[in-house]
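Here are two exercises to work through with the model open beside you. Try each one before reading its solution.

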Amino acid sequence: MPPKRGRPIALKILILLAVPLISLAGLWGFAAGLTGGDGLRLLEINNLVTNLATPSEQVNAELQQERLLTMEFLTGQPKEQELAAQRARTDRAVTAFFLRSGAQKNLSPELTAALDTLRRELDGLALLRGEVNEREATPLKAIGGYNRMVDAGFRMYDRLILVPDMTLYRQARAVTMLGEAKELLSRERALIVVTMAAGKVGDAERAMFLEAISTRRLLFDQALSHLDDALGAPYERLAASPEYRRFAEAEDAIHGQAAKNGLPATAAGWSSATADVWRMVERNQLLAVEGLVERVNPAAAGILVKIGIAGGLGLLAVLASVLLSLRFRRKLVRELAGLRDMAMALAHAGLPALLRTLKENPKARPEVTPLDVRTETTEVTDIVHAFNTVQTTAAETAMGQARLRHGVNEVFVNLARRNQSLLHRQLIQLDEMEKGADDPETLEDLFRLDHLTTRMRRHAESLIILSGQTPGRGWRRAVPVIDVLRAASAEVEEYARVELAMPPRVSLTGGAVADVIHLLAELIENATLFSPPTTRVDMRATSVPGGLLIEIEDRGLGLGQSELDELNARLAEPPEFDLAESDRLGLFVVGKLAARHDVRVTLGPSPYGGLTATVLLPSSVIADQLTVVGGK
């Protein structure tokens, strides 16, 4: 017997929502939409300034001073007591920042990520100081360590600009850019200390100088173009001052070719010129921040007035809507709530359980329980029947897809196993022919054929890995990492372009050797394919706490940040293999192999314009580590 049909839902919705749609959409939605977001951001500004902006600015200021004193300490100047006192001030600022930032709640994901990055960088301050005390860190390395901490602070500032007024936002962004320019000026002060102590400007110092100078000037010019007359006047006077011109001349002399083998006669005035400009910049930055804060208060008052007016009128509309809708809402809400609960149970429990069952046993035929919702409304009843039909169709489709996927995987494995057997026999035959060959040209051809067969074996293993199974190739004993790296590069067509730096004297466990070779070979092949054939691919390995770090760097065109983020997400959590994405087979294989041994693989930009693939092997795959004579 067909279910009893109730009253149409269209009539109920028409009566229920007539007044709310007119009042809320016309008045409340418009007014609240214009002012609500601004009001929420306004409420956040004070807490963010108190708990994040102000304490982090103090941390950056102390780090800048500590970096300068550290350079004086490393260059032989007797600054131990001053450095110790400054470190104490820095520690107090960092402690206050940690306490304040820990009290801030409800941060956006972007701001949370930036805050976590800053905390991690600050946690490395003690290690950097230890290296400085033991004279293990070079001046440039120490500068780089402090630079990363301060840069992390500025990346957090970028997420903190919540000024609702667009004009104020541009002014606030320009003031932040001037703060970054001030930080680059601080780096130049530290580099000048190193340069004066060395008596010349080396290549590394010149490169760092050039980067800091060009970026500082760019930020300074861009910020001045956005600041209005009131906030920009002190900086205009600074740019026209003789002190700034003297400082700019010092910058030009520092990165000029004339200073390569010795400092010019004007070098004696570099430190004083920089110090003069530093004092003026500190004063101007303080004035700019104070002027910006004074403008925010009137803007905030205007926004609050608009919120109050819009909220009062909207409240009247809401009350009228509630009074009219109370009579009709109860039954409809109960029916829709029951339908919602059953649909949510189906989406979050039923279908996922069905997919898990099919993934474990592709030939299974799990039962599908229809939705049972008591309804008195025709349209809701029809929706329930539609859900049941969709559920049945989805279950049948999922079972068909599971069987198809299982069959495809079996075909992959079958073909790959057959190819593996033939390729293994072919490699044995080639090895015997190489041993018996005397003609150099014939031997070279045999070596080339051997190399091609090795690559074919790797591609066959990729099919097995994509099918979720383990290739048959393996080692029982530990293998030195140098042999692993050489074997990986040997499985690539353009292996001659790969330049391998001498790695640490460690070995990998036999169970992980085959997978690591395959993983590295896929990354090396990508590096050779997506870079010019005349360039080289660098591969180097370094022991790090908790494992072994391997870097593969090419000199190609690189990728955009969004695409890099997508690829790194796939490598971190490899999805199910999709036949439609055949152009990403290598990435799927790398992700599967990395997940099997808890290996972390990330892609990032290379200083040469290409990509750097970073592979972190955990200590669980490291068999031993031999101490190098004379090493630490």
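Predicted model: local features only at pLDDT ≥ 70, side-chain atom pairs only at ≥ 80, totals over all residues.

Residues are numbered from 1 along each chain as its sequence is written, and side-chain values use heavy atoms, with hydrogens and water left out.

**Exercise 1.** Work out the strand order of the open sheet and find its edge strands.

*Solution.* Begin with the terms: strands (E, at least two residues) and helices (H or I, at least four) are DSSP runs numbered from the N terminus, and two strands pair if DSSP finds at least two bridges between them.
- The five strands run in the order β2-β4-β5-β7-β6, with mixed pairing.
- β2 (498-500) and β6 (600-605) are the edges, as each pairs on one side only.
- β2 pairs with β4 (residues 537-544) in the parallel sense, over three bridges.
- Within β4, V537 is the bridge partner of V498.

**Exercise 2.** Find which element gives the most to the lining of the largest cavity, and sort that lining by class.

*Solution.* On a 1 Å grid over the protein atoms alone, a cavity is a set of points where a 1.4 Å probe fits but cannot get out; lining residues have an atom within 4 Å of a point.
- Lining residues of the largest cavity include L178, K182, R216 and F220.
- α6 (166-198), α7 (203-226), α8 (229-240) and α10 (270-360) each give two or more residues.
- α6 gives the most, with four.
- Nine lining residues are nonpolar (Ala, Val, Leu, Ile, Met, Phe, Trp, Tyr, Cys and Pro), two are charged (Asp, Glu, Lys and Arg) and none is polar (the others, Gly among them).

Conventions. 1 Å grid on protein atoms, 1.4 Å probe; cavity = no way out; pocket = protein on both sides within 12 Å on 5 of 7 lines; lining within 4 Å.
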